[in-house]
Amino acid sequence: MVELKDWKNNVHGHRFIASFSGGKDSTLALFKAMKAGEAVGLIVMMEEEGKRSRSHGMPPEIIRAQASSIGLPIYAAAASWTDYEKVFIGLLEKAKKQGAELLVTGDIDIPEHGCWHEKVTNDVGLKLGMPLWEMDHRAVVEEFIDLGFVSVVVTVNLSLGMREDDLGRTFTHEYVKELEARGIDPCGEGGEFHTTVIDGPIFKHPIPVRKCDVIKDGDYAFLPLELEQ
């Protein structure tokens with residue numbers, strides 16, 4: 001039980017690999033971890049064909065631009081849901097060989113028992129760090145905004161109170177208040193939305209993106225982003 005309580009703070013003094021979606025939570029967790037330890041790289045899981053990231057549907061060129069601006073290498077692999085765990089463990093093993101001692105994730109509401117990330121890190125012999133663990137959701141987004149990060153809404157679930165016109169909106173304190181007034185979790189922890197971070201204190205320069213035409217698929221609407229050349 002004591003070790004589990006260390007999830008929030010045990011990055012201190014360690015080299016780590018960070019699970020990175022390109023969204024606000026994983027970016028804020030990375031920022032906090034970089035203040036406490038040394039990053040060796042970013043784990044990015046791709047869909048089977050390798051054309052989009054598994055979590056947020058980002059094209060690889062935007063993920064690469066984020067990583068380049070942050071100054072970290074990417075540990076990437078494509079996987080189906082069937083072999084996801086095996087492939088993820090393979091990336092952890094690769095990172096461990098490069099000196100990683102710990103995996104950092106942007107999870108907030110993970111229960112103390114039955115945590116998948118704890119299982120896979122134990123399998124590899126790494127520790128687990130979750131700098132945002134058990135934080136108040138509004139506190140997470142307020143800190144993110146106050147630090148100067150800029151993120152854009154790129155995916156919405158239309159059945160959970162989100163609207164198509166939320167796509168492309170930038171996270172501000174005013175927008176957070178609006179989401180809460182609409183009964184929506186400001187972190188999107190219920191799957192209401194996903195974001196892509198395009199600037200902030202760990203970025204050497206902003207990520208130039210072009211917003212493309214909205215795509216609808218059932219209850220979801222997506223705003224594809226392309227890297228502006």
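1. Helices α4 and α5 are oblique to each other, a class for angles that are not under 35 degrees (roughly parallel), over 145 (roughly antiparallel) or 65 to 115 (roughly perpendicular). Helix α4 covers residues 84-97 and helix α5 residues 116-124, and their axes come within 10 Å and cross at roughly 50°. Axes are lines fitted to C-alpha atoms, for helices over the stretch in contact, with angles from 0 to 180 degrees between N-to-C directions. Helices (H or I, at least four residues) and strands (E, at least two) are DSSP runs, numbered from the N terminus. The crossing of α4 and α5 is right-handed, that is, the near helix is turned clockwise from the far one by less than a right angle, anticlockwise being left-handed.

2. This is a predicted model, in which local features need pLDDT of at least 70 and side-chain atom pairs count only at pLDDT 80 or more, while totals for chains, interfaces and linings use all residues. Residues are numbered from 1 along each chain as its sequence is written, and side-chain values use heavy atoms, with hydrogens and water left out.

3. On the α4 side, Y84, E85, F88, I89, L92, E93 and K96 meet W116, H117, K119, V120, T121, D123 and V124 of α5; contact means heavy atoms within 4.5 Å. The contact of α4 with α5 has 7 nonpolar, 2 polar and 5 charged residues. Here Ala, Val, Leu, Ile, Met, Phe, Trp, Tyr, Cys and Pro count as nonpolar, Asp, Glu, Lys and Arg as charged, and the others, Gly among them, as polar.

4. Helix α2 and helix α6 (residues 137-146) have axes that come within 10 Å and cross at roughly 70°, which makes α2 roughly perpendicular to α6. Their crossing is left-handed. K24, D25, L28 and K32 of α2 meet V140, V141, E143 and F144 of α6, and the residues of this contact divide into 4 nonpolar, no polar and 4 charged.

5. D25 lies in α2, residues 24-36. Because its relative accessibility is 13%, D25 counts as buried (under 20% relative accessible area; exposed is over 50%, partly exposed in between; 1.4 Å probe, protein chains only). Beyond four places in sequence, D25 is in contact with G106, I108, L132, V140, C187 and E189.

6. L132 is in the loop between β5 (127-129) and α6, and at 0% relative accessibility L132 counts as buried. Not counting residues up to four places away in sequence, L132 touches D25, L28, A29, K32, G106, D107, I108 and V140.
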